[in-house]
Amino acid sequence: MDYFNEKVLRNYWDKLMSEAFWENVINASIKITIILIASWLAVKLGKKFIKKVFLMRMRSPLNHSERRQKTIERLLQSVISYVVYFSAIVAILAILDIKIAGLLAGAGIVGLAIGFGAQSLVKDIITGFFIIFEDQFGVGDYIKINAAEGTVVEIGLRTTKINGSTGEQFIIPNGAIGDVVNYSVNNSKIFVDLQMTTDADFEKAEAIINKYLSTLSEVHEELVSTPAFLGVQNVKGTEVTIRIVAETLPQQQYGVARTIRRDVTKLFEENNIPMAYPNMMLYGNSGKEGGRNE
């Protein structure tokens, strides 16, 4: 037995130190290196070509869905990476004299064994295709899915990635996507509520607001139409709530709302129109009212 083991080890050693073995190693290393470099270049050039093609399509006057183009562009870039790198792995295995047929047969048996466990993966992929085909949402859209809310940065074959407003990233399996709220499809509406006192000159305030609102469309390109003054929305005690409504391009309402609220407040102060502010009541130790600050 010792003689047999020694003979086997000697045969392995002789093969390891033979010139033919190292020649095969060098040739295989060169071929594998060429395959890896060629694959990297193919993926890089393929992604660049896809990006250029879709950029030309988005510049075309016939294009009406830039967000859909971006989504399909990202998906095709992912697919080309999968195809090229899978082909590279198969070629490398062939160079190493590893039988691809045997691996595929083994993979078929393993795949059959875990087929029931892969149902969620299949569901993710199928759902991903339907999301893109039906154009439910696209890259760059601001959406809400369950607890996740933010901007879509990637729609893959299996998952969707969303960047939240505070920097967090949500990675959601496509099969887990149920109800979707898309804020980027239709124009956005804003309601700006301001509080006045009941003794304020309402007609004067209305004239000032209407004059101001008529100038906004020239200043803000994100406005779809001239904002409108709706009048009194609510009366509570000595406080009157007035409302202004405006329609903007998708997701542009927040900046416009802040501007309207700031400018109207400044105009009221300049024209001596009193606005309602929260009152603070001060009481003494006896519990009787000791004063009121406004």
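Is Phe202 buried, partly exposed or exposed, and what is its relative accessible area? In this predicted model, Phe202 is partly exposed, at a relative accessible area of 29%.

**An aromatic pair**

A pair of aromatic rings is described by the distance of the centres and the angle of the planes. The count of aromatic pairs here comes to two. In one of them, Phe202 and Phe229 have ring centres 6.2 Å apart and planes at 40 degrees, so the pair is tilted. Phe202 belongs to helix H6 (residues 202–213) and Phe229 to strand S7 (residues 228–236), so the pair ties together parts that are 27 residues apart in sequence. While Phe202 is partly exposed, Phe229 counts as buried because its relative accessibility is 13%, with buried meaning under 20%.

Next comes Ser188, which sits in strand S6 (residues 188–197). Ser188 is buried, with 7% relative accessible area. Its side chain reaches the backbone nitrogen of Gln251 at 3.1 Å. Setting aside neighbours within four places in sequence, Ser188 is also in contact with other residues, among them Tyr183, Ala246, Thr248, Leu249 and Pro250.

Gln251 itself is found in the loop between strand S8 (239–248) and helix H8 (253–270). If you like checking backbone torsions, look at this residue: Gln251 is not a glycine, yet its phi is positive, at about 65 degrees. Asn272 is another residue other than glycine with a positive phi, near 55 degrees. Asn272 lies in the loop between H8 and strand S9 (280–283).

Here are the accessibility values for residues discussed in this report:

| Residue | Relative accessible area | Class |
|---|---|---|
| Ser188 | 7% | buried |
| Phe229 | 13% | buried |
| Gln251 | 21% | partly exposed |
| Phe202 | 29% | partly exposed |
| Leu41 | 38% | partly exposed |
| Asn272 | 70% | exposed |

Leu41 brings us to the last stop. Together with Ile37, Trp40, Leu45 and Tyr85, Leu41 makes a nonpolar surface patch of about 520 Å². Helix H2 (residues 19–59) supplies the largest share of this patch, four residues, and Leu41 lies in that helix.

Definitions and conventions: Residues are numbered from 1 along each chain as its sequence is written. This is a predicted model: local features need pLDDT of at least 70, side-chain atom pairs count only at pLDDT 80 or more; totals for chains, interfaces and linings use all residues. Side-chain values use heavy atoms; hydrogens and water are left out. Patches are made of residues with over 30% relative accessible area and no salt bridge: like charges are joined within 9 Å, nonpolar side chains (Val, Leu, Ile, Met, Phe, Trp, Tyr) within 5 Å. Accessible areas come from the Shrake-Rupley method with a 1.4 Å probe; for residues, only the protein chains shown count as cover. A salt bridge is a side-chain nitrogen of Lys or Arg within 4 Å of a carboxyl oxygen of Asp or Glu. Helices (H or I, at least four residues) and strands (E, at least two) are DSSP runs, numbered from the N terminus. Buried means under 20% relative accessible area, exposed over 50%, partly exposed in between (1.4 Å probe, protein chains only). Rings of Phe, Tyr and Trp (its six-membered ring) pair if their centres lie within 6.5 Å; planes under 30 degrees apart count as stacked, over 60 as edge-to-face and the rest as tilted. A polar contact is a pair of N or O atoms within 3.5 Å; within protein, one must be able to donate a hydrogen and the other to accept it, and residues adjacent in sequence count only if both atoms are side-chain atoms. Contact means heavy atoms within 4.5 Å.
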